[in-house]
Structures are given as C-alpha cells and as structure tokens.
Amino acid sequence: MMTTLLSCGLWFLLGTQTLVAAEVAKPAATDPSKTQEFLKATPELLDMGKVVFAVHCVRCHGPEGRGDGVEETKLPVAPTNFRKVRMKYGDALESVVQTVAKGRSELVMPSFQGALSTKEIWAAAHFVKSLMPAKYD
Ligand code: HEC
C-alpha cells in the first residue's frame, strides 16, 4: 500500500516536472499561438504598458525612454534610447517582445518572463514601440 502511494507520488512529481520543463522550453510570452489577442496596440494595452514601463523599465531606460535612468551609469552596457537609436535587436513588435521576455547582453537588460505576465510583456512592448520614431532617417 505504502509503496503504491509512494510510486503514485513519484509519478505525480515527475509529471509536474515534465510540464514545467515544457513551459520553460516554450514560454507563453513568445508563443504566437498564445499571443494573438495582444497583437494590436489597443488603448488598454498602451495604458498597461505605460504603468509597467514606469515600474520596471524607467530605472534604466529613463522616464521618457531616452536611456537615461538612474542606473544608467552603473551598467556595463548602455540602456537603449528608444527615441533615437534604431533597435539593435529589431524594430518589429515581436523582436521587442523577445527582448523583454528573454533579456539581452547577458541579462544586463533583464529577462521579465518570470516577473511579468504575457499580457504585461506585450503591453510594455507596445508602449516602447509608441516611443520609437515612426520613421528612421
Ligand atoms: C537593469 C537595467 C534595465 C532594465 C530594468 C530594463 N532594461 Fe531594457 N535594456 C537595458 C540595457 C543595458 C539594454 C541594451 C542591451 C544591448 O544593447 O545589448 C536594454 C535594451 C532593451 C531593448 C532592446 C533595444 C534594442 O536595441 O533592440 C528593449 C526593447 C528594452 N530594453 C526594453 C525594456 C523594457 C520594456 C523594460 C521594462 C519591462 C526594460 N527594458 C528594463 C537595461 C535595462
């Protein structure tokens, strides 16, 4: 009886770990099948993105996204100025989402996959896009 219970528990544990592993391998934030509803920059997403940006991004990217946050001088890589510079990792919304979800430059630009929901990550990406110049020279 005890053995049966134990082995059930073991299978349960193994099962959960497999699920967790699958989640890590294919994070929801960058899985196109789970993000259709966030593709459009709705006023709701932009509002949410503004708040997420103020809370999580301003310390490095600055209040207006000019790369002049209070932590700028402490970092080995300069935070991007979204107003001027062409995006190093791509201008497309999906590229910005990838950066925010997974981080860049050995996580000097942190990964927000665990800290923010998928919706918040897409909202922040829409907000960053709204700061970028519509057209580059
Ligand atoms: C601890 C400081 C820090 C925080 C906090 C931070 N970033 Fe960054 N971010 C950076 C740095 C540094 C870079 C430049 C990385 C590089 O050039 O390789 C960067 C780059 C980026 C890029 C890529 C720009 C490009 O050229 O492709 C995006 C997009 C971005 N950050 C968005 C965000 C958003 C959105 C948040 C908040 C959710 C955020 N960052 C929070 C430091 C930070």
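I take the expected span of a helix as 1.5 Å times one less than its number of residues, with helices (H or I, at least four residues) taken as DSSP runs numbered from the N terminus. The model is predicted, so local features need pLDDT of at least 70 and side-chain atom pairs count only at pLDDT 80 or more, while totals for chains, interfaces and linings use all residues. Residues are numbered from 1 along each chain as its sequence is written.

Entry on α2. I checked the 14 residues of α2, which should span 20 Å, and the end C-alpha atoms are 20 Å apart, in agreement. I then listed its buried residues (20 or more other C-beta atoms, placed from the backbone, within 10 Å of their own), and they are Leu45, Gly49, Val52 and Phe53. Seen down the axis of α2, these fall within an arc of 100° (of the directions from the axis to the C-beta atoms), so they line one face of the helix. On the face turned away, I found Pro43, Glu44, Ala54 and Val55 exposed, a term that means 12 or fewer such atoms.

Entry on the ligand. I find that Cys57, Cys60, Lys88, Tyr89 and Met109 come nearest of the 25 residues around the ligand, where a residue counts if its C-beta atom, placed from the backbone, lies within 6 Å. Helices α2, α3, α4 and α5 each supply at least two residues of this shell.

Entry on the loop between α4 and α5. I noted that Leu107, which lies in this loop, has a positive phi of about 70° although it is not a glycine. Leu107 is exposed, with 9 other C-beta atoms within 10 Å.
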